[in-house]
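Subject: Structure handover

Hi,

Here is the structure for you to look through. My notes follow below it.

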Amino acid sequence: MSNILVLNSSVRFENSNSRQLTRVLLEKLNAGDQPVKHRDLVKQPIPHFDHSAFSGFSGDDSQASQQARALSDELIREVKDSDIIIIGAPVYNFSIPTTLKAWIDYIARVGVTFNYTEKGPVGHLKNKKVYIVLARGGGSVEHIEMQLSQTLGMLGMNDITYIHAANLDTPEREAGLNDVFTQIDAVCH
Ligand SMILES: Cc1cc2nc3c(=O)[nH]c(=O)nc-3n(C[C@H](O)[C@H](O)[C@H](O)COP(=O)(O)O)c2cc1C
């Protein structure tokens, strides 16, 4: 039995490419009807990583800091409880959505999800299989892959498979979708 966590961050709902594809991926991976937790980062946004959050992660006990720490604890618990994580990541202005960045900022906590050692940072969110659907219009995404792999990798999530969805807002949509479905079939074989 594998627990699955699905994160979506598209500002589109019905017409979202990444939401549609995380759904397809989930259906294919969830053949055995495994428990699924959905976290929608747009419908239920996480605040920016601000002064209260920073102070809260360092032990401050103001009300705002306590709230930030409680939310962080909840998000970290969801990751710890999951074996498979599916992330829908549209590309907006050459970057991941700020909502997804906020989620990363809230789960990256020194002393909790990673530690600095003489050999560099060591992450504690281990034994997760991560799938990231990168949906984009057409620009390059190498820097985004590097950012996601480095930040999630620092937390212990090194087993990441990227599914690339490109050209889905163009007349080549059908060919683009076929390509994505081929990628999804290949990772779900
Ligand atoms: C505000 C905005 C900014 C975008 N910026 C980029 C970009 O920098 N590079 C790119 O390749 N596509 C860009 N796109 C296209 C989206 O990545 C593409 O529409 C993708 O399918 C979005 O996923 P979604 O449908 O799940 O929201 C942008 C779209 C929007 C709405």
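Helices (H or I, at least four residues) and strands (E, at least two) are DSSP runs, numbered from the N terminus. With that naming, α1 (17–29) and β6 (129–136) each supply at least two residues of the shell around the ligand.

Two points on the basis. This is a predicted model: local features need pLDDT of at least 70, side-chain atom pairs count only at pLDDT 80 or more, and totals for chains, interfaces and linings use all residues. Residues are numbered from 1 along each chain as its sequence is written, and side-chain values use heavy atoms, with hydrogens and water left out.

**Ligand site**

There are 16 residues around the ligand, and S10, S16, S18, V91 and D169 come nearest. A residue is near a molecule if one of its heavy atoms lies within 4 Å of it. By class, the shell holds 5 nonpolar, 8 polar and 3 charged residues. Here Ala, Val, Leu, Ile, Met, Phe, Trp, Tyr, Cys and Pro count as nonpolar, Asp, Glu, Lys and Arg as charged, and the others, Gly among them, as polar.

Now the polar contacts. A polar contact is a pair of N or O atoms within 3.5 Å; within protein, one must be able to donate a hydrogen and the other to accept it, and residues adjacent in sequence count only if both atoms are side-chain atoms. V91 puts a backbone N or O atom 2.7 Å from a ligand oxygen. For F94, a polar backbone atom is 2.7 Å from an oxygen atom of the ligand. D169 uses its side chain: a polar atom there lies 2.3 Å from a ligand oxygen. The ligand taken alone exposes 630 Å², and the protein buries 78% of that. Accessible areas come from the Shrake-Rupley method with a 1.4 Å probe; for residues, only the protein chains shown count as cover.

S16 sits in the loop between β1 (4–8) and α1. Its side chain makes a polar contact with the side chain of S10, at 3.3 Å. S16 is buried, at 2% relative accessible area. Buried means under 20%, exposed over 50%, and partly exposed in between (1.4 Å probe, protein chains only). N17 is in helix α1 and is buried too, at 8%.

**Positive phi**

F94 has a positive phi of about 65° although it is not a glycine. F94 lies in the loop between β3 (84–90) and α4 and is exposed, at 59%. N167 also has a positive phi of about 65° without being a glycine. This residue is in the loop between β7 (160–166) and α6 (173–187). N167 counts as partly exposed, at 33%.

**Aromatic pairs**

The whole structure contains 3 aromatic pairs. Rings of Phe, Tyr and Trp (its six-membered ring) pair if their centres lie within 6.5 Å; planes under 30 degrees apart count as stacked, over 60 as edge-to-face and the rest as tilted. F57 and Y106 form an edge-to-face pair, 5.5 Å centre to centre with 90° between the planes. This pair links distant parts of the chain: F57 is in helix α2 (residues 51–57), Y106 is in helix α4 (residues 98–107), and they are 49 residues apart. Both F57 and Y106 are buried. F114 and Y116 have ring centres 5.2 Å apart and planes at 85°, so this pair is edge-to-face. F114 is buried, at 5%, whereas Y116 is exposed, at 58%. Ring pairs link F49, F57 and Y106 into a cluster.

**Charges over rings**

A charge sits over a ring if NZ of Lys or CZ of Arg is within 6 Å of the ring centre and within 35 degrees of the ring normal. R109 lies over the face of F57, 5.0 Å from the ring centre. The charged end of K43 sits over the ring of F13, 4.8 Å from its centre.

**Two more residues**

T113 is in the loop between α4 and β4 (114–117). T113 is buried, at 0%. A polar side-chain atom of T113 lies 2.6 Å from the backbone oxygen of I107.

A70 lies in helix α3 (residues 63–80) and counts as partly exposed, at 45%. A70 and F57 are 9.6 Å apart, C-alpha to C-alpha, and 13 residues apart in sequence.

Best wishes
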